[in-house]
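Have the model open beside you as you read.

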Amino acid sequence: MEENLNVTYLILGGHMEVEKYRHIYFIMFLIVYLLIICSNCTIVYLIWKHQNLHEPMYIFIAALLLNSVLFTTNIYPKLLIDFLSEKQIISYDACLVQFALFYSLGFAEFLLLAAMAYDRYVSICKPLQYPTIMRKRTISIFLALAWLLPACQVASIAKMCANEKLCSFTLTVIFCKNTIYKLFCVTSKAITTFGLVNLVCFAVFPVVFIIFTYIRILQICYHSCGEVRKKAAQTCLPHLLVLINYFCLFMYDVITIRLEYDFPKIPRFIMTLQLIVYNHLFNPLIYGLKMKEIYKHLKSLICQDKMH
């Protein structure tokens with residue numbers, strides 16, 4: 001679209017028959033968003049409230065779930081507005097902010113998962129050194145780095161994108177992500193290179209590190225008693241499920257743009273929904289039901305509400 005009062009607007013053209021199903025979309029996404037907020041915040045509240053959950057493992061889980069709340073809040077309110085609007089548009093500046101938050105919080109999830117893997121590694125492989133290694137200060141540093149490092153790097157890319165000349169004003173998606181690169185008149189090698197460096201640093205390296213720590217954990221557990229193997233399975237399996245699911249979805253998103261493969265509209269729409277729904281909706285269920293201590297407090301909270 002042309003400029004209005006020096007503001008450039010983009011068309012979000014990835015919606016599927018929004019004119020026909022706008023109210024159904026709105027109700028469905030509102031329910032999903034409320035479920036994500038309520039479920040994630042409930043687990044975070046339980047971890048904050050109960051002293052026996054003030055351990056590194058649970059603090060990292062709370063941080064991961066809080067990251068999900070921030071991630072979805074960056075996407076869902078705008079989506080809900082678009083479903084009820086005649087035109088699905090967004091200003092270029094707002095699009096860059098959404099793009100920056102999407103990737104900084106997405107990369108933060110990988111770093112938080114890596115911190116959780118390290119915590120499990122120290123707990124299982126070096127139990128005697130655990131209290132001295134995983135101190136409160138160490139946890140605070142891990143959390144700060146997980147959120148601040150990607151935010152600074154992605155913000156730099158967003159600033160570079162702001163200076164690029166646009167030759168197209170229609171995005172093939174329902175929210176702003178790296179498809180904005182296709183709007184540029186000339187593909188920027190600097191942005192492409194910087195983006196790949198960020199991908200390697202904040203997605204590939206953390207996943208390689210997590211795989212390495214799990215191999216070490218499996219080696220230790222193989223030579224340990226049944227109780228150690230049971231503890232490892234209870235704490236590591238949910239973590240592994242979350243990582244595999246999130247990494248596959250995230251890599252699909254990046255690879256399809258980098259290879260410039262023109263995905264059909266319906267499959268692209270479905271895969272985009274998976275990226276913003278599955279992990280953030282199922283994370284609290286996985287951690288709430290699979291983690292014994294959290295489940296115990298969750299069950300107590302539900303029973304207490306029923307009594308009242």
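What follows covers the helices, the core and the disulfides.

## Ground rules

This is a predicted model, in which local features need pLDDT of at least 70, side-chain atom pairs count only at pLDDT 80 or more, and totals for chains, interfaces and linings use all residues. Residues are numbered from 1 along each chain as its sequence is written, and side-chain values use heavy atoms, with hydrogens and water left out.

## Helices and annotated spans

Start with helix H1 (residues 18-49), which bends by about 40° at Ile 24; the bend is the angle between axes fitted to the seven residues ending at a residue and the seven starting there. Helices here are DSSP runs (H or I, at least four residues) and strands are E runs of at least two, numbered from the N terminus. The buried residues of H1 include Arg 22, Tyr 25, Asn 40 and Ile 47, where buried means under 20% relative accessible area, exposed over 50% and partly exposed in between (1.4 Å probe, protein chains only).

In an unreviewed entry, UniProt lists several stretches as "transmembrane region", among them residues 57-76 and 96-118; such annotations may be inferred rather than shown by experiment. In the model, residues 57-76 are 100% helix, with end C-alpha atoms 29 Å apart. Residues 96-118 are also 100% helix, and their end C-alpha atoms lie 33 Å apart.

## The nonpolar core

The largest nonpolar core has 97 residues, and Ile 61 and Ile 276 touch the most other members. Helix H3 (residues 92-125) gives the most to this core, with 21 residues. Such a core is a set of buried Ala, Val, Leu, Ile, Met, Phe, Trp, Tyr and Cys residues joined through side-chain atoms within 4.5 Å.

Thr 72, in helix H2 (residues 56-83), is buried at 0% relative accessibility. Beyond its neighbours within four places in sequence, Thr 72 is in contact (heavy atoms within 4.5 Å) with residues including Tyr 33, Ile 276 and His 280.

## Disulfides

The whole structure holds two disulfides, each a pair of cysteine sulfur atoms within 2.5 Å. Cys 95 is joined to Cys 176 with an S to S distance of 1.9 Å. Cys 95 lies in helix H3 and Cys 176 in the loop between strand S3 (170-171) and helix H6 (189-222), so the pair ties together parts 81 residues apart in sequence. Both of these cysteines, Cys 95 and Cys 176, are buried.

The other link joins Cys 167 to Cys 185 (S to S 1.8 Å). Its S-S torsion is about 100°, so the disulfide of Cys 167 and Cys 185 is right-handed. Cys 167 is exposed at 54%, whereas Cys 185 is partly exposed at 31%.
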